[in-house]
Amino acid sequence: MRKIYEINENDKEYPKNLFKIQKRPSKLYVMGNVKILNNKCIAMVGSRDSTPYGEYYASTFAKALSKSGITIVSRFSNRDRYRMP
């Protein structure tokens with residue numbers, strides 16, 4: 001399993017664009033390369049009852065965006081933490 005990093009507002013890795021939001025999160029939990037948090041990014045939100053078709057296209061879309069230099073941002077719920085790879 002990959003390491004999960006906790007980043008708070010005082011850390012240098014905290015994304016600069018989040019300071020523009022009045023009710024920004026005080027902490028972020030990051031899996032992957034924390035150095036890319038200030039890149040252009042897009043949020044992806046999925047369904048809890050996804051289909052294989054939806055999962056395939058979400059994965060294909062995310063890979064294409066990632067290869068073009070866009071950071072993929074997602075939110076894990078408490079339920080999701082038990083399904084993380």
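Two strands pair if DSSP finds at least two bridges between them, and strands (E, at least two residues) and helices (H or I, at least four) are DSSP runs numbered from the N terminus. The structure is a predicted model, in which local features need pLDDT of at least 70 and side-chain atom pairs count only at pLDDT 80 or more, while totals for chains, interfaces and linings use all residues. Residues are numbered from 1 along each chain as its sequence is written, and side-chain values use heavy atoms, with hydrogens and water left out.

**Exercise 1. Describe how strand 1 and strand 2 are joined, and sort the residues of strand 2 by face.**

Step 1. Strand 1 covers residues 4-8, and five bridges join it to strand 2, the two running antiparallel. Within this pairing, I4 stands opposite M31.

**Exercise 2. Find the salt bridges of the whole structure and say which parts of the chain they link.**

Step 1. A salt bridge is a side-chain nitrogen of Lys or Arg within 4 Å of a carboxyl oxygen of Asp or Glu, and a search of the whole structure finds two.

Step 2. One of them joins the side chains of E6 and K27, at 4.0 Å from N to O. Because E6 lies in strand 1 and K27 in strand 2, this pair ties together parts that are 21 residues apart in sequence.

Step 3. R24 forms a salt bridge with E9, with the closest N and O atoms 2.5 Å apart. Both R24 and E9 lie in the loop between strand 1 and strand 2, 15 residues apart.

Step 4. To judge exposure, take buried as under 20% relative accessible area, exposed as over 50%, and partly exposed as in between (1.4 Å probe, protein chains only). E6 is partly exposed at 45%, and K27 is partly exposed at 42%. R24 is partly exposed at 28%, and E9 is partly exposed at 28%.

**Exercise 3. Place V34 in the chain, and then in the largest nonpolar core.**

Step 1. V34 lies in the loop between strand 2 and strand 3 (41-43), and its relative accessible area of 19% makes it buried.

Step 2. Contact means heavy atoms within 4.5 Å; leaving aside neighbours within four places in sequence, V34 is in contact with Y5, I7 and E13. V34 and E13 are 21 residues apart in sequence, yet their C-alpha atoms are 6.5 Å apart in space.

Step 3. A nonpolar core is a set of buried Ala, Val, Leu, Ile, Met, Phe, Trp, Tyr and Cys residues joined through side-chain atoms within 4.5 Å. The largest one has seven residues, namely I7, Y14, L18, L28, V30, V34 and L37. Not counting residues up to four places away in sequence, L37 touches I7, E13, P15 and V30.

**Exercise 4. Follow the chain from helix 1 to T71 in strand 4.**

Step 1. Helix 1 has 16 residues, 52-67, and reaches 22 Å from its first C-alpha to its last, close to the 22 Å expected at 1.5 Å a residue, where the expected span is 1.5 Å times one less than the number of residues.

Step 2. After helix 1 comes G69, whose phi is positive, near 90 degrees.

Step 3. T71 lies in strand 4, residues 71-73, and counts as buried at 8% relative accessibility. Beyond its neighbours within four places in sequence, T71 is in contact with I36, N39, K40, C41 and I42.
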